[in-house]
Amino acid sequence: MRNSSVKNPSVVVIGAGMTGILIAIKLREAGISDVTILEKADKVGGTWRENTYPGVACDIPAHMYTYAFQGNPEWRHRFAHGDEIQAYFEKISADYGVTSQVRFNESVDACHYRDGKWYLTTSRGNDLVADFVIAATGILHHPAYPDIPGLDSFAGAMFHTARWDHAVDLRGKRVGIIGTGSTAAQVISEISKTAGSLTIFQRTPQWILDVADKDYSEKEQARLRGNQGLMDKLRKRYAWLIRNTFTEAVSAGGWRHALLSWRVKRYLRRSVKDPALRAKLTPDYKVGCKRLIVSSTFYQAVQRPNVRLETAGIERISEQGVITRGGTRHELDVLILATGFHPFNFMRPMDLTGRDGLSIDTAWSRKVQAYRSVCLPGFPNFFLMLGPNSPVGNYSVIAMSEVQGDYVLKLIDRWRTGQLQSVEATEEAKVRFNDYLKQGMGTTAWVGGCQSWYLDADGEPALWPYSWNRWVREMAEPDLADFRRDTPVEIEPRQPAEKAA
Ligand code: N01
């Protein structure tokens, strides 16, 4: 704390994944000591704890997929494997004293705001009172199960990729997989090596960018140990590369998008010689409309002799397997659902109620929106990390959380110093912000005629449509004119974002 007149709030952080760990560290750095972290599971790690499927890896280069304040010399692969990433978060969490602050196996059932305080009830029946609540509950953690007739009648083993059943041995088995997203591409590359047969049920083909993986030698790791400066350089270099290849290409279009499109199309042409198979694998929408898949192994896997790509469309599922349109029966021992997530659930089904009894379901009944992704009008002193429109095309989610974390800490600081009596964005600011987002969507690849998890119920992309640098600039300082004032204070409004950019 800067001085004794600064208030020390009580804060509850929900979730001990990548973002929760980060927020806990930042709160401590800010001198906020009354912090409780609630985690539904028995370990930190979030998405990397939950996703343990074969081939799980991060398609963002490992040296960029780290907290800026703590690089990791121990990465063994350019695209770090899930277990390495989980180990990284467990280590950081322990080293920074976060793990000992976490209450494990305790989720939040109810979270209600009354008279300037949040009242929480947990799954263990405990009650907590806090000045601030920060939901670090992640985006992609509610598995989506396909609505296919007969799904439950399947007699073999069946599981979602985020709930992988490691007791099921796939070697020599007849395996089917539904879905061809980023997860499926990783799973297929791996299990096609050992499954007796693998049938891929593809509804929509995907564009794929090949970026070769690379193993880091002991010598390379040793060079990085204790050299945060060198790791910073690597992180910045990858960040620059990704911004200028993917992020700008999918959000602004232009020559970068043309180049990216040319690259992925050439890769498909060169990788798949059979014209019939290539036709099945060729999307009819813009490159980047769905999140681009980074894989240098998927096309090879699809062409293995034990692999079959089925595009006929699933009619129903029976006890024996999958029946595709036209009546073809695919008998299976194991059915894997690589069918993605419900990204708009966020912290729900938590019973979240803000000022004047406003429930989150009511607030979001017409549209799932936020102000600057993290603030919800009607929910004072509540922040939703990685909220609506957070994702920046194919960029590192850690970098996004760091920017949002600094922004949230600055807002809490305004409360601590008395500039804000409570931190609540106005409805008008939220509407203006979302209009501004909408204006930028037209040039993006996400409106390129495809269905994807990026789109909300109205078919509008819930991403940040401008450049990364613009986002960082606009998140640098909270604009207090956009927040409710209990005590009117003279404030000078900032320039509208469009003019400032
Ligand atoms: O999920 P998805 P995901 N019948 O939603 C299909 C991140 N991630 O888990 O395209 C038939 O992309 C669906 O078909 P269609 C990353 O952000 C990161 O793969 O809708 N098919 C699609 O093929 C990624 O974007 C890493 O026609 C059905 C698939 O299931 C996000 O997670 C690694 C169906 C779902 O694809 C989600 O990826 C992995 C049905 N009824 C994931 N329902 C990194 O490396 C759905 N599908 C960082």
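This is a predicted model: local features need pLDDT of at least 70, side-chain atom pairs count only at pLDDT 80 or more; totals for chains, interfaces and linings use all residues.
Local features need pLDDT of at least 70 and side-chain atom pairs pLDDT 80 or more, whereas totals for chains, interfaces and linings use all residues. Residues are numbered from 1 along each chain as its sequence is written, and side-chain values use heavy atoms, with hydrogens and water left out.

**View A. The disulfide of Cys 289 and Cys 450.** A search of the whole structure finds 1 disulfide, defined as a pair of cysteine sulfur atoms within 2.5 Å. The S to S distance between Cys 289 and Cys 450 is 2.1 Å, and the link is left-handed, with -100° about the S-S bond. Because Cys 289 lies in the loop between α8 (275–281) and β12 (293–294) and Cys 450 in the loop between α12 (427–441) and α13 (468–474), the pair ties together parts 161 residues apart in sequence. Helices (H or I, at least four residues) and strands (E, at least two) are DSSP runs, numbered from the N terminus. Both Cys 289 and Cys 450 are buried (under 20% relative accessible area; exposed is over 50%, partly exposed in between; 1.4 Å probe, protein chains only).

**View B. Cys 111 and Cys 375.** The sulfur of Cys 111 has its closest cysteine sulfur in Cys 375, at 15 Å, which is too far for a bond. Cys 111 is buried at 0% relative accessibility, and Cys 375 is buried at 2%.

**View C. Trp 255 in helix α7.** Helix α7 spans residues 254–271 and contains Trp 255. Trp 255 is exposed, with a relative accessible area of 59%.
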